[in-house]
Amino acid sequence: MSRALVVMREHGTLYGLWADNVNEVRADLRVTPLPRELSYFEGICNYKGNMIPVFSLSAISGEKTEASGLLVIAEHEKNQFALSISEVLDVTEDTADAMPAVNMELSKGVLFISEIIRLKEPVFVLDMEKILAEICK
């Protein structure tokens with residue numbers, strides 16, 4: 001069974017979020033920085049009257065770049081948050097060739113990956129449960 005996948009690029013690597021977890025992609029939301037302990041926490045933004053946390057995909061992936069202003073508004077089990085990303089490439093349903101990800105701890109950080117989908121190049125699907133578990137620590 002294939003599902004729609006939103007494909008994003010960050011530092012030359014492709015990442016994906018299942019489309020049923022993505023509310024929308026916005027470039028017009030202002031991120032308000034807050035004091036933080038987590039390097040990948042950028043701050044909060046007002047999304048339709050709700051203050052939601054904003055996380056940097058580049059920092060989650062172990063790299064750090066300036067924010068592009070592009071936010072993917074995501075939701076999982078009624079928890080909303082935004083991911084700051086460089087670019088959205090595509091929405092694809094060609095996801096039948098998926099394999100589970102192994103525990104992916106890198107020297108620069110931990111990637112929250114649930115599976116890897118092979119398109120023309122690998123797409124690392126972000127694990128919403130692991131991301132939210134880390135956020136809610």
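This report describes the strands, nonpolar cores, aromatic pairs and salt bridges of one predicted model.

Residues are numbered from 1 along each chain as its sequence is written, and side-chain values use heavy atoms, with hydrogens and water left out. Because the model is predicted, local features need pLDDT of at least 70 and side-chain atom pairs count only at pLDDT 80 or more, while totals for chains, interfaces and linings use all residues.

**Strands and sheets**

Strands are DSSP runs of E with at least two residues, and helices are runs of H or I with at least four residues; both are numbered from the N terminus.

**Buried residues and cores**

A residue is buried under 20% relative accessible area, exposed over 50%, and partly exposed in between (1.4 Å probe, protein chains only). Strand 2 is mostly covered, with five of its six residues buried.

A nonpolar core is a set of buried Ala, Val, Leu, Ile, Met, Phe, Trp, Tyr and Cys residues joined through side-chain atoms within 4.5 Å. The largest nonpolar core has 26 residues, of which Met8, Leu17, Phe81, Leu83 and Leu126 touch the most other members. Contact means heavy atoms within 4.5 Å. Not counting residues up to four places away in sequence, Leu17 touches Leu5, Val6, Met8, Val22, Val72, Ala74, Leu83, Leu126 and Met128. Another core, of eight residues, lies apart from the largest one and includes Leu29, Cys45, Ile52 and Leu71.

Thr92 belongs to strand 9 and is buried, with a relative accessible area of 11%. Leaving aside neighbours within four places in sequence, Thr92 is in contact with Arg3, Ala4, Leu5, Val7 and Leu119.

**Aromatic rings**

Rings of Phe, Tyr and Trp (its six-membered ring) pair if their centres lie within 6.5 Å; planes under 30 degrees apart count as stacked, over 60 as edge-to-face and the rest as tilted. The count comes to three aromatic pairs. The rings of Phe41 and Phe55 have centres 5.5 Å apart and planes at 55°, so this pair is tilted. Phe41 lies in strand 5 (residues 41-47) and Phe55 in strand 6 (residues 50-56), 14 residues apart, and the pair thus links distant parts of the chain. Phe55 also forms an edge-to-face pair with Phe81, at 6.2 Å centre to centre and 75° between the planes. That pair links strand 6 with strand 8 (residues 79-85), its residues being 26 apart. Both Phe41 and Phe55 are buried, and so is Phe81. Phe41, Phe55 and Phe81 form one aromatic cluster.

A charge sits over a ring if NZ of Lys or CZ of Arg is within 6 Å of the ring centre and within 35 degrees of the ring normal. Arg3 lies over the face of Trp18, at 4.2 Å from the ring centre.

**Salt bridges**

A salt bridge is a side-chain nitrogen of Lys or Arg within 4 Å of a carboxyl oxygen of Asp or Glu. The count comes to five salt bridges, including those in the table.

| Salt bridge | N to O distance |
|---|---|
| Asp20 and Arg3 | 3.2 Å |
| Arg9 and Glu87 | 3.7 Å |
| Glu24 and Arg26 | 3.6 Å |

Asp20 counts as exposed at 58% relative accessibility, whereas Arg3 counts as partly exposed at 30%.

Arg9 in strand 1 and Glu87 in strand 9 (residues 87-92) are 78 residues apart. Arg9 is partly exposed at 25% relative accessibility, and Glu87 is partly exposed at 33%. Glu24 is partly exposed at 24%. Salt bridges that share partners join Glu24, Arg26, Asp28 and Lys48 into one network.
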